[in-house]
Amino acid sequence: MNQGRNVLRAIVLTLGFAFLYIPIVSLIVYSFNKSRLVTVWGGFSTKWYGELLRNEQILNAAWLSLKVAAIAATLAVVLGTLAGLVLARFGPFKGRTLLSGLTTAPLVMPEVITGLSLLLLFVTMEQLIGWPQGRGMTTIIISHITFTMAFVTIIVQSRLAQMDDSLEEAAMDLGARPHKVFFLITLPIIAPALMSGWLLAFTLSLDDLVITSFVAGPGSSTLPMVIFSKVRLGVSPDINALATILVLIVAVGALIAGVFTARQQKIRDRDAQMALAANQQMIESLKKG
Amino acid sequence: MDRVLRLLPRGRALVTAVPYVWLLLFFLIPFAIVLKISFSSTLIAMPPYEPLLHWTAEKVVQIKLNFGNYAFLVEDNLYWMAYLNSIKVAAISTLLCLLIGYPIAYSIARSNPSTRNILMLLIVLPFWTSFLLRVYAWIGILKNNGLLNNFLMWIGVIDQPIQMLQTDFAVYVGIVYSYLPFMILPLYANLEKMDLTLLEAAADLGCRPWQAFYKVTLPLSVPGIIAGCLLVFIPAVGEFVIPSLLGDPGMLMIGKVLWTEFFNNRDWPVASAVAIALLLFLVIPIMYYQRAQDAEAGGGVHR
């Protein structure tokens with residue numbers, strides 16, 4: 001009975017993961033294909049990687065995308081943390097519902113709507129106050145902050161909701177000012193959540209096509225825009241090479257994160273054990289005494 | 001100067017004001033502008049629309065509202081078809097995501113606690129690689145001389161390639177593939193924290209396993225199902241990238257229509273009207289999702 005269930009579970013998981021990973025594996029395999037026809041195998045070759053590294057348009061776009069993503073993710077973490085803190089710790093206040101709505105709506109809002117509305121805002125602002133002048137990196141960064149900070153807010157808010165607030169209260173009782181409590185107690189505890197929020201914001205910004213296409217001006221094409229205009233015309237092997245590099249970076253990052261969390265867990269377990277042992281010792285010595 | 005400084009918000013108020021003002025300015029106000037421009041007329045200029053407010057010679061403000069864009073949306077079948085088709089495609093994709101995602105989430109939630117985290121990491125991992133490139137991968141799989149057709153011909157199921165790319169089928173595959181993690185995550189979160197003693201109780205009372213699933217597990221997982229479905233359905237309605245890369249060029253999806261009006265026809269007012277109409281349709285599911293999300297996040301109001 002139980003065995004049958006285990007077999008069924010194994011089948012479901014195998015099929016599910018095959019569906020999720022076969023497309024990614026196929027991208028990688030065909031990036032080493034000599035033939036230009038992506039799906040006809042013409043022998044092993046790394047020439048598409050060379051071609052990718054000589055493609056100035058792609059390199060420039062990648063550089064712009066990395067800059068935008070780094071700046072946008074950093075600012076999104078700052079704003080998202082503030083919003084998460086307000087929602088998780090400040091209790092009910094007038095306008096809380098609106099703020100909470102404003103932070104979750106971007107998560108599900110279709111990108112075409114967000115992109116169009118931001119562009120129209122930038123055009124209107126330029127007419128009214130002369131800023132931002134034209135469209136380019138600034139407008140892309142502002143837009144990316146806006147849609148990625150929602151994700152940071154959710155992460156920070158749920159981390160704070162899980163967190164035991166007695167530490168913060170203790171610090172407050174000992175006379176620490178609220179900002180001191182935040183920087184000395186809250187921030188170090190939620191730091192891993194901020195890190196994953198930053199990485200998520202960075203990835204989403206690096207990947208965004210639709211919103212960026214609306215708010216980017218001429219001459220500021222990001223990597224997804226270049227990729228989209230290329231793959232619209234069909235498959236091209238240098239894009240496979242690019243995808244492979246990206247997958248490699250993500251895999252290495254996941255591995256490092258995995259090892260890091262496992263080690264942290266081990267340290268925590270050891271500390272807990274030591275504390276327990278010390279406690280035991282103390283109780284015993286008290287008994288003897 | 002001191003007096004001005006004192007007027008500035010401090011402490012709590014400042015912490016609240018910074019993200020609040022940002023979101024009001026860059027998320028809420030833009031919708032008001034879209035609404036405004038949806039009532040203006042097209043001009044061949046930059047920006048390509050007529051202002052709504054006119055200062056006439058007598059210093060009187062004249063407001064010109066043009067309902068033509070909305071009338072246009074109602075009269076032209078193209079838009080209706082696009083809306084209905086988008087809803088149909090999003091609904092079917094959501095259902096497929098649920099049917100595929102539920103068994104996966106269930107299997108993971110009932111695995112060993114030690115393997116659960118690794119399996120969930122593997123579910124989320126593709127999400128960290130580019131969405132655009134993952135959709136692109138399906139072009140290579142679905143095209144006429146692609147992987148799937150070659151495989152099917154090799155095992156002898158078909159003798160000549162079937163057209164899969166540029167069909168509705170390809171769009172469903174693309175949406176299900178891209179949004180599956182969004183379905184699995186809330187479902188898993190729900191199923192994982194379920195009290196398993198309830199199932200034991202059901203078994204003790206004579207329930208067969210599938211009966212216990214149908215009568216206990218499934219009803220208890222409804223919040224997860226709703227969250228997952230909304231997380232897939234709402235963005236899928238406005239999806240642009242997947243239908244334009246995998247679908248038939250003539251396939252009507254509202255996201256594509258908005259894109260074409262804006263970039264190809266440069267008709268900003270009509271594009272705005274399309275966006276407002278889409279938003280009106282989605283506002284209820286979005287608010288519903290937001291409520292569920294806020295309740296899930298602990299609300300924080302307990303303090």
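Student: What percentage of the 303 residues of chain B count as buried?

Tutor: This is a predicted model. In it, 43% of the 303 residues of chain B count as buried.

Student: And in chain A, what share is buried?

Tutor: Buried residues account for 40% of the 289 residues of chain A.

Student: How many helices and strands does chain A have?

Tutor: There are 11 helices and 0 strands in chain A. Read from the N terminus, its elements are α-α-α-α-α-α-α-α-α-α-α.

Student: What about chain B, how many helices and strands there?

Tutor: Chain B has 14 helices, and it also has 2 strands.

Student: Back to chain A. What is its radius of gyration, and what would a compact globule of 289 residues have?

Tutor: Chain A has 25 Å, whereas a compact globule of 289 residues would have a radius of gyration near 19 Å. The C-alpha trace of chain A spans about 85 × 65 × 40 Å along its principal axes.

Student: For contacts between residues at least 6 apart in sequence, what share joins residues at least 24 apart in chain A?

Tutor: In chain A that share is 75%. In chain B, 69% of the contacts between residues at least 6 apart join residues at least 24 apart.

Student: Let's look at helix pairs. How do α6 and α8 of chain A cross?

Tutor: Helix α6 (residues 137-162) and helix α8 (residues 178-207) of chain A have axes that come within 9 Å and cross at roughly 155°. Angles over 145 degrees count as roughly antiparallel, so α6(A) and α8(A) are roughly antiparallel to each other. Their crossing is right-handed.

Student: Which residues make that contact?

Tutor: From α6(A), the contact includes His144(A), Phe151(A), Ile155(A) and Arg159(A). From α8(A), it includes Ile190(A), Leu194(A), Gly197(A) and Leu204(A). The residues of the contact of α6(A) with α8(A) divide into 11 nonpolar, 5 polar and 1 charged.

Student: Now a pair in chain B. At what angle do α9 and α10 cross?

Tutor: The axes of helix α9 (residues 197-204) and helix α10 (residues 209-220) of chain B cross at roughly 135° and come within 10 Å. That makes α9(B) oblique to α10(B). The crossing of α9(B) and α10(B) is right-handed.

Student: Which residues meet there?

Tutor: On the α9(B) side they are Leu198(B), Leu199(B), Ala202(B) and Ala203(B). They meet Ala212(B), Lys215(B) and Val216(B) of α10(B). The contact of α9(B) with α10(B) has 6 nonpolar residues, no polar ones and 1 charged.

Student: How many residues does each chain give to the contact between them?

Tutor: Chain B gives 73 residues and chain A gives 69 residues. Several helices of chain B supply at least two residues each to the side that touches chain A, among them α4 (77-109), α5 (113-128) and α14 (268-296). The largest share, 18 residues, comes from α2(B). That side of chain B divides into 53 nonpolar, 15 polar and 5 charged residues.

Student: I clicked on Ser213(A). Is it buried or exposed?

Tutor: Ser213(A) counts as buried, because it has 23 C-beta neighbours inside 10 Å. It is found in helix α9 (residues 210-215) of chain A. Leaving aside neighbours within four places in sequence, Ser213(A) is in contact with Gly115(A) and Met225(A).

Student: And where is Val78(A)?

Tutor: Val78(A) is in helix α3 (residues 56-89) of chain A. With 15 C-beta neighbours inside 10 Å, Val78(A) counts as partly exposed.

Student: What is phi of Gln166(B)?

Tutor: Gln166(B) has a positive phi of about 65°, although it is not a glycine. It sits in the loop between α7 (147-154) and α8 (168-192) of chain B. Gln166(B) counts as partly exposed, with 19 C-beta neighbours inside 10 Å.

Student: Last one: where is Arg266(B)?

Tutor: Arg266(B) is in the loop between α13 and α14 of chain B. Its phi is near 50°, a positive value in a residue other than glycine. Arg266(B) is partly exposed, with 14 other C-beta atoms within 10 Å.

Notes:
Residues are numbered from 1 along each chain as its sequence is written. Chains are lettered from A and ligands numbered from 1 in the order in which they are written. This is a predicted model: local features need pLDDT of at least 70, side-chain atom pairs count only at pLDDT 80 or more; totals for chains, interfaces and linings use all residues. Helices (H or I, at least four residues) and strands (E, at least two) are DSSP runs, numbered from the N terminus. The radius of gyration is taken over C-alpha atoms; the globule rule is 2.2 Å times the number of residues to the power 0.38. A residue is buried if 20 or more other C-beta atoms lie within 10 Å of its own, exposed if 12 or fewer, and partly exposed in between; C-beta atoms are placed from the backbone. Two residues are in contact if their C-beta atoms, placed from the backbone, lie within 7 Å. Axes are lines fitted to C-alpha atoms, for helices over the stretch in contact, and angles run from 0 to 180 degrees between N-to-C directions. Angles under 35 degrees count as roughly parallel, over 145 as roughly antiparallel, 65 to 115 as roughly perpendicular and the rest as oblique. A crossing is left-handed if the near helix is turned anticlockwise from the far one by less than a right angle, and right-handed if clockwise. Ala, Val, Leu, Ile, Met, Phe, Trp, Tyr, Cys and Pro count as nonpolar, Asp, Glu, Lys and Arg as charged, and the others, Gly among them, as polar.
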